[in-house]
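The exercises below concern aromatic ring pairs. Work through each task before reading its solution.

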Amino acid sequence: LRVNPRTKALRTLITQNQPEAGPRSAPVTIVEFGDLECPTCARAHELLEKTILPMYRDKVRVIFKEFPLQMHQFALPAAIANQCAYRMDPSKYLPYRTLIFGHQGEFEAIKGNQAAVRDLLLNLGQQAGLNRVDLAGCMDSKASLPLIEANLKEGKELDVNSTPTFFINGRTMIGADPQIFTEDIEEALMDSKKRK
């Protein structure tokens, strides 16, 4: 039997105990599978943070899933650090993610140097208000790796193979085209009104 991808996504997406922004009661849920080394993901993050969330306020909830691609060298360490931030203080996850995306150029310049990548992640964590020692301990022990592995497994089961991939109330959207994003959200809002 063929399974409608939207139905499959709505049934299988894990939305509990995940980093998020926006109210849980929002009629539209956007689940993002992103890679912290991906430039398009950085543009999508800026669009979400500066346009979509402020524009739709109580109507949109965004859930963030780490999907570090194997071809990217600092994506996994950054994902581990960002998920550590979520474990330590969920309110620091989004500001830390914003800082990591904002410093992609610096990461690119040092990505062959693991010690320098670690140091930059720790410095950015401090800027986001995280305790440096606690963040270092979490990163070094890779305490957040199981959640990242679960995100990767979930994404692969939903045929995610590029970033960013979004599920807007179950409908798949790849990339960060602002017009398509807005159209998909508006359509999802209309669908949610019809169901009431």
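**Exercise 1.** Is Tyr93 buried or exposed?

Solution. Buried means under 20% relative accessible area, exposed over 50%, and partly exposed in between (1.4 Å probe, protein chains only). Tyr93 has 2% relative accessibility, so Tyr93 counts as buried.

The model is predicted: local features need pLDDT of at least 70, side-chain atom pairs count only at pLDDT 80 or more, and totals for chains, interfaces and linings use all residues. Residues are numbered from 1 along each chain as its sequence is written, and side-chain values use heavy atoms, with hydrogens and water left out.

**Exercise 2.** How many aromatic pairs does a search of the whole structure find? Classify the pair Phe33 and Phe167.

Solution. Rings of Phe, Tyr and Trp (its six-membered ring) pair if their centres lie within 6.5 Å; planes under 30 degrees apart count as stacked, over 60 as edge-to-face and the rest as tilted.

1. The search finds six aromatic pairs.
2. For Phe33 and Phe167, the centres are 6.0 Å apart and the planes are at 80°, so this pair is edge-to-face.
3. Phe33 sits in strand β2 (residues 28–34) and Phe167 in strand β4 (residues 165–168), 134 residues apart. Strands (E, at least two residues) and helices (H or I, at least four) are DSSP runs, numbered from the N terminus.
4. Phe33 counts as buried because its relative accessibility is 0%; Phe167, at 2%, also counts as buried.

**Exercise 3.** What kind of aromatic pair do Phe64 and Tyr93 form?

Solution.

1. The distance is 5.8 Å centre to centre, with 40° between the planes, and the pair is tilted.
2. Phe64 lies in strand β3 (residues 60–66) and Tyr93 in helix α4 (residues 90–102), so the pair ties together parts 29 residues apart in sequence.
3. Phe64 counts as buried, at 1% relative accessibility.
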